Amino acid sequence: MELQQKLHVLADAAKYDASCASSGSRRARAENGLGNTDGVGICHSYTPDGRCVSLLKLLLTNYCIYDCSYCVNRISSDTRRARFTPEEVVFLTIEFYKRNYIEGLFLSSGVIQSPDYTMEQLVQVAKLLRTEQRFGGYIHLKAVPGASEELMLEAGAWADRLSANVELARDSDLAQLAPAKTHKEIERSMQQIAHGILDAKDKTTRSGKSPRFAPAGQSTQFIVGATSTPDSELLDKSANLYKTYKLRRAYYSAFSPIPHADPGLPLMKIPLVREHRLYQADWLMRFYGFSANELTTEQDRNLPLDKDPKLAWALRNREFFPVDVNKAGQAALLRVPGFGVRNVKRILKVRRYRALTIADLAKLRVAVKRAQFFIVAADHNPAAKQIDTPKLPEKFAPKDGQMALLKQQKRPERVSCDKRRGGRFHHLARDGATVTRPRHTPG
Ligand code: SF4
């Protein structure tokens, strides 16, 4: 098979990976025009310092000896197959890089022969790039669960980020849908990576230099909605993985049906807004001090789709409000709907010099329309009196048109950098909600 054909097959197969959003852009060059986008393999991701970088996103191969029923590359699937040699991936990466198309490589793979053999091939690519080509760009490698610790440590020495995908939150789901995988094995890989990162930090010299080991940390991915596992269990599992293995990110990928799928899998696409709510909840756990069990209830173990999880928590816990913006501590301020982390930092700084009014909050770019019911400030705030009224949730109800957009499923994908946030977050508007966009991944 020609290299170009392999690129089409294996870049397309890699688009299901969650760790970076695929642009999906396709535009033919006009006659005598300049530039041409082809739908192969370039996606965008974020470096630890918030820069948006373009990555060549590929599978080394989409052959796989496993039969995970949610994956299009499973052994029993009749999809078109291809395989790169490590040298071919190196060649493509360097050629794309020289042309300024990409700043790095994201490389995953189906499992061929054994986890060790597959991992060896992935490591070989990174090693050739770093040693023979002296490539200094970003490299994200998939960590194949079950591969030996030596290979995992070598991968960390060459790559910037490693990711072992947990896929499903429950052991029983994994046993049913991906019988060759176990949480024990996946978490062993995570543990090996976490140890590698810690060891590298321990060996930091006085001059601040430490041996290079996955400096951008490790991440993982969940498939959402392939089974009946509620959001509460997904968030619980995430919180546990963040704590135990110090993950940088967990990605949530809404399940979409694949051809000839297992009859036990859903036939309908999972609403992308569910994925979006999980990202919001994940953010709340990492930066706002919420614990997983606060974000859902015993009665409803899924996150509400019609309001964000922070607002839903505030409406369930109204005895916590109103919060006095001039006296409350950071933890309480972070729980106010409409207050972001940056808003809270500004409030804490400015209130040292003056008592803040509602108008001051607007100047600090707080979403006052949303926050006004939950706060008191130095001036009179009549909205705070409504905190106990039964009709308060209605004030936040999405308008009919917005709900229709949330339910809509078949809009074409569109990717854009959100300029209002300084272009730092990559978003897709697909079902009406603005979402960060990962999908389930092989590996
Ligand atoms: S998820 Fe990974 S291991 Fe499972 S079938 Fe797909 S490529 Fe193979």
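**Exercise 1. Two helices crossing**

Which handedness does the crossing of helix 7 and helix 8 have? Work it out on this predicted model, then describe the contact.

*Solution.* 
- Step 1: start with the handedness: helix 7 and helix 8 cross in a right-handed way.
- Step 2: look at who does the touching. Helix 7 brings Asp231, Leu234, Leu235, Ser238, Ala239 and Tyr242, while helix 8 brings Leu278, Ala281, Asp282, Met285 and Arg286.
- Step 3: now the geometry. The axes of helix 7 (residues 231–245) and helix 8 come within 11 Å and cross at roughly 40 degrees. Angles under 35 degrees would count as roughly parallel, and 65 to 115 as roughly perpendicular, so helix 7 and helix 8 are oblique to each other.

**Exercise 2. Another pair of helices**

Describe how helix 2 and helix 3 cross, and say which residues meet.

*Solution.* 
- Step 1: the axes of helix 2 (residues 86–98) and helix 3 (residues 115–131) come within 9 Å, crossing at roughly 40 degrees.
- Step 2: helix 2 and helix 3 are therefore oblique to each other.
- Step 3: the crossing of helix 2 past helix 3 is right-handed.
- Step 4: on the helix 2 side, find Pro86, Val89, Val90 and Thr93; they meet Gln121, Gln124, Val125, Leu128 and Leu129 of helix 3. That contact splits into six nonpolar residues, three polar and no charged.

**Exercise 3. What does helix 9 pack against?**

Pick out the buried residues of helix 9, then find their packing partner.

*Solution.* 
- Step 1: within helix 9 (residues 309–316), the buried residues are Pro309, Lys310, Ala312, Trp313 and Ala314.

**Exercise 4. Placing Arg351**

Is Arg351 buried, exposed or partly exposed, and which residues does Arg351 touch?

*Solution.* 
- Step 1: locate Arg351 in the loop between helix 11 (341–350) and helix 12 (358–363).
- Step 2: count neighbours. Arg351 has 17 other C-beta atoms within 10 Å, so Arg351 is partly exposed. Burial would take 20 or more, and exposure 12 or fewer.
- Step 3: leaving out residues up to four places away in sequence, Arg351 touches Asn326 and Leu356.
- Step 4: Arg351 and Lys327 sit 24 residues apart in sequence, with 8.9 Å between their C-alpha atoms.

**Exercise 5. The whole chain**

How many helices and strands does the chain have, and what share of residues is buried?

*Solution.* 
- Step 1: the chain has 15 helices and 13 strands.
- Step 2: of its 443 residues, 41% are buried.

Key:
Residues are numbered from 1 along each chain as its sequence is written. This is a predicted model: local features need pLDDT of at least 70, side-chain atom pairs count only at pLDDT 80 or more; totals for chains, interfaces and linings use all residues. Helices (H or I, at least four residues) and strands (E, at least two) are DSSP runs, numbered from the N terminus. Two residues are in contact if their C-beta atoms, placed from the backbone, lie within 7 Å. Axes are lines fitted to C-alpha atoms, for helices over the stretch in contact, and angles run from 0 to 180 degrees between N-to-C directions. Angles under 35 degrees count as roughly parallel, over 145 as roughly antiparallel, 65 to 115 as roughly perpendicular and the rest as oblique. A crossing is left-handed if the near helix is turned anticlockwise from the far one by less than a right angle, and right-handed if clockwise. Ala, Val, Leu, Ile, Met, Phe, Trp, Tyr, Cys and Pro count as nonpolar, Asp, Glu, Lys and Arg as charged, and the others, Gly among them, as polar.
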